[in-house]
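This report concerns the model shown below. The text moves from the chain as a whole to selected elements and residues.

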Amino acid sequence: MARLDSLIIDIVYTAVSMSRDRSSRRFYRADSTHDLLSYMDRGQAASVENRWTFETAWEAANKVGGIYTVIRSKAYVSTEEMGDNYCLLGPYKEHCARTEVEEAEFAPNSPLTTAVNAMRSQGYKLHTGTWLVDGNPQIILFDVGSAAWQMDSFKQELWDTCTLGIPHLDVEANDAIILGFMVAQFIIEFRKAAENWSDTPPRVVAHFHEWQAGIGLIVLRVRHIDVATVFTTHATLLGRYLCAGNTDFYNNLDKFSVDEEAGKRQIYHRYCMERAAAHMAHIFTTVSDITGYEAEHLLKRKPDIITPNGLNVKKFSALHEFQNLHALAKDKIHEFARGHFYGHFNFDLDKTLYFFIAGRYEFGNKGADIFIEALARLNHYLKSVDSDTTVIAFLIFPAKTNNFNVESLRGHAVTKALRDTIQDIQQKVGKRMYDVCLSWEPCTRVKNNTTACTRTHDSHSAQGPPPEPDELLHKEDTVRLKRCIYALQRDGLPPVTTHNVVDDWSDPVLNSIRRCQLFNTVNDKVKVIFHPEFLTSTNPLFGLEYEEFVRGCHLGVFPSYYEPWGYTPAECTVMGIPSITTNLSGFGCFMQEHIADPMSYGIYVVDRRYISLEGSVQQLAQYMFDFTKLTRRQRIIQRNRTERLSDLMDWRNLGIYYRQARAQALKIVYPDYVDHMDIELGKRFNYPRPISEPPSPTHSMRREGRLSPSHAAECERRGTRDAAVQCECGRGGSVQRSLELLQIDCEAAEGLEVGFERPFAEAELADDNYRTPNESFLEPLAEAVAEQIDELISKLSACADEGKAD
């Protein structure tokens, strides 16, 4: 027996050692990424090297679209890295600049001041100051109107140098040309001033975003200015137009005649501006791999670096409070659901899940078409299994409306009246109860035959009986309550939209809802609400900011067909809300590349590239159906895992790619330039599966002694059906075989917990580019360790045989 105990201890020690070895090799959060912390010296190194960065974008302090979010959120890490040697350039738009820019002059001894004064002396109007965002970056805004008189000469220079002609009636292109020439002239003046500012030759990087700013890059290059240039496209111009036209875009990228397609859409001159900027730049970048693939075929240049978009995670960070914030915001959405649906019919809000999709109203590009179709399938799935879960799906797209839907406003009004009435009655009942309790006298015993006790209770207490309900809730209070309750009763079905949509007969969302017959009937498990307006705290229906609304939902669904990056799922991630994205969005591609098992972290990626449209709809519906089957505990676990990825989205990690692009551009223009703070960026990072794997839903099903049909099918497909085999006592096949080996019957094993750690293969442990494989639930044992355990088990069996012989 002593020998047997020794062998068992050896086996346990081997397993524990493997577990420790495994956990020591795990890496999480910022440990697996690069960050800018080592470079954030507020521009000290840049000042010594006389290195400057100018970032030009049409949306600098000018909110138009997604690039505004990129520039604004990245400003903090840019100023922390470059300090006063970093400056933003853009057009002066008075309606935005008045509230976003604090105008001020630069330091008198700065070369920026010299360049600004030189421009002003030539008749140009420039507004200088700091942008009122995190980091307070320096900014120069150019008044396009002050140089409009030179537009013809600017166009002539473009034609003479690039054979690029711009139609006179394209106002947006005309403004882009004027801005580009003004920016180029400013950088030329600045470089002259910087040469006299320091003994070190100036090293200037000019970074341009999108085609509206690309003219400045073209002018710098044709004038042979000694400046390093970087051009970033966030979405190709032709790609947006092609996808908006319902073309099979990604399967025909290599077949498009780009000149012909651009000419058909009357954007040939804009396309030429974008393509010229991409080819003339020293370094060309895109925001995602899928956009790089698009640029390679449409712009005919493969990007040098991928510069993914990040977020200022500190803005969204709630640490351990994010679960509480979810509960608080969810209660506010509950209030909306009560006002919208109650009175028509009721359902349990504790068993209600909130899904949503939001963004620009691009019906096909944003995936609203397959989302609505998948909701119809989800409705059928939930009915088929007689689920007690209700799903409310919000579609938030800004559209033209007349006003709020009267029926929707009425529902919220009567709900508010009921709540106010109950609160008023509560206060009155509380006051009455307080007064009655104070006025009661103690029960007096019969004394000297002068006082008789009329109470019927057997034992006299120091206090009388509690007050009767009629003493507290008066008849008029009951009447008020009944009136409010009867006012809630409404005929017909709950409205699908919260507003009166202009030309609703041609609205694509409403037409798709009609086709799928999602009419919010009492039997529908999926309810649909189309809110054609962005959310604000002044909204009379929700009273929520968009960020609060996202925190209160359970799942964000963004099955986009054309999405170069995708900020909406990224925002869900940093707030700890699971989301569905696609492998045609930049965010989805990034997650697939950098996370070994995105689904275990609450990132569901729908395949819209390699399977049919019907297959994508079925996959999306299945993802949503699987999500509805999670318990509340499992959803909490998943939200914790999702929030764990927030560091991955932070500009402190992703900003390193922009720095890499600038450094490579400098090395091309200035071969003698040495980046003393450079590190190797070629090493990729990869988030492993969470340690608590397999994922909690699967783990819970296994502990219950059963497998769901879908999971059993998955086991069958993966060739691991033996893991799903159950013995009569409900234990899995692997556990049962282990008990047989140890000669322990099921009755004796009652209450015994048996667990298995998933080890790593030695080759995988030694690989710096380790990725957790997806091929099976159980990874193979390391060969050396496996042989050792086999040897120990054989000795254990031999000991058991010797015991039988004795």
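In this predicted model, 74% of the contacts between residues at least 6 apart in sequence join residues at least 24 apart. The chain has 806 residues, of which 53% count as buried, and its secondary structure consists of 30 helices and 17 strands.

**Nonpolar cores**

The largest nonpolar core holds 92 residues, and the members that touch the most others are Phe394, Phe549 and Met624. Helix H15 (residues 368-384) supplies the largest share of this core, with 9 residues. When residues up to four places away in sequence are not counted, Phe549 touches Ile333, Phe356, Phe394, Ile396, Leu535, Phe542 and Leu544.

**Helix H15**

The 17 residues of H15 reach 24 Å from first to last C-alpha, close to the 24 Å expected at 1.5 Å a residue. Its buried residues are Ala368, Ile370, Phe371, Ile372, Glu373, Ala374, Leu375, Ala376, Leu378, Asn379 and Leu382. The elements against which these buried residues pack are tabulated here.

| Packing partner of H15 | Residues |
|---|---|
| Strand S10 | 352-358 |
| Strand S11 | 390-396 |
| Helix H19 | 508-516 |
| Strand S14 | 526-531 |
| Strand S15 | 555-557 |
| Helix H23 | 613-628 |

After H15 comes Asp386, which has a positive phi, near 55°.

**Helices H6 and H7**

Two packed helices are described by the angle between their axes and the distance between the axes. For helix H6 (residues 151-162) and helix H7 (residues 171-197), the axes come within 10 Å and cross at roughly 85°. H6 is therefore roughly perpendicular to H7, as angles of 65 to 115 degrees are classed in this way. On the H6 side, the contact involves Met151, Phe154, Lys155, Glu157 and Leu158, which meet Asn174, Ile177, Ile178 and Phe181 of H7. By type, the residues of this contact comprise 6 nonpolar, 1 polar and 2 charged.

**Ser579**

Ser579 belongs to strand S16 (residues 579-582). Is Ser579 buried or exposed? With a relative accessible area of 0%, Ser579 is buried, since the cut-off for that class is under 20%. Apart from neighbours within four places in sequence, Ser579 is in contact with Leu555, Gly556, Phe558, Pro569, Cys572, Thr573, Phe587, Gly602, Ile603 and Tyr604.

Notes: Residues numbered from 1 in each chain as written. Predicted model: local features only at pLDDT ≥ 70, side-chain atom pairs only at ≥ 80, totals over all residues. Heavy atoms only, no water. Axes fitted to C-alpha atoms, helices over the stretch in contact; angles between N-to-C directions. Helix = DSSP H or I, 4+ residues; strand = E, 2+ residues; numbered from the N terminus. Parallel < 35°, antiparallel > 145°, perpendicular 65-115°, else oblique. Contact = heavy atoms within 4.5 Å. Nonpolar A, V, L, I, M, F, W, Y, C, P; charged D, E, K, R; others polar. Core = buried A, V, L, I, M, F, W, Y, C linked by side-chain atoms within 4.5 Å. Buried < 20%, exposed > 50% of the residue type's maximum accessible area, 1.4 Å probe, protein only. Expected span 1.5 Å × (residues − 1).
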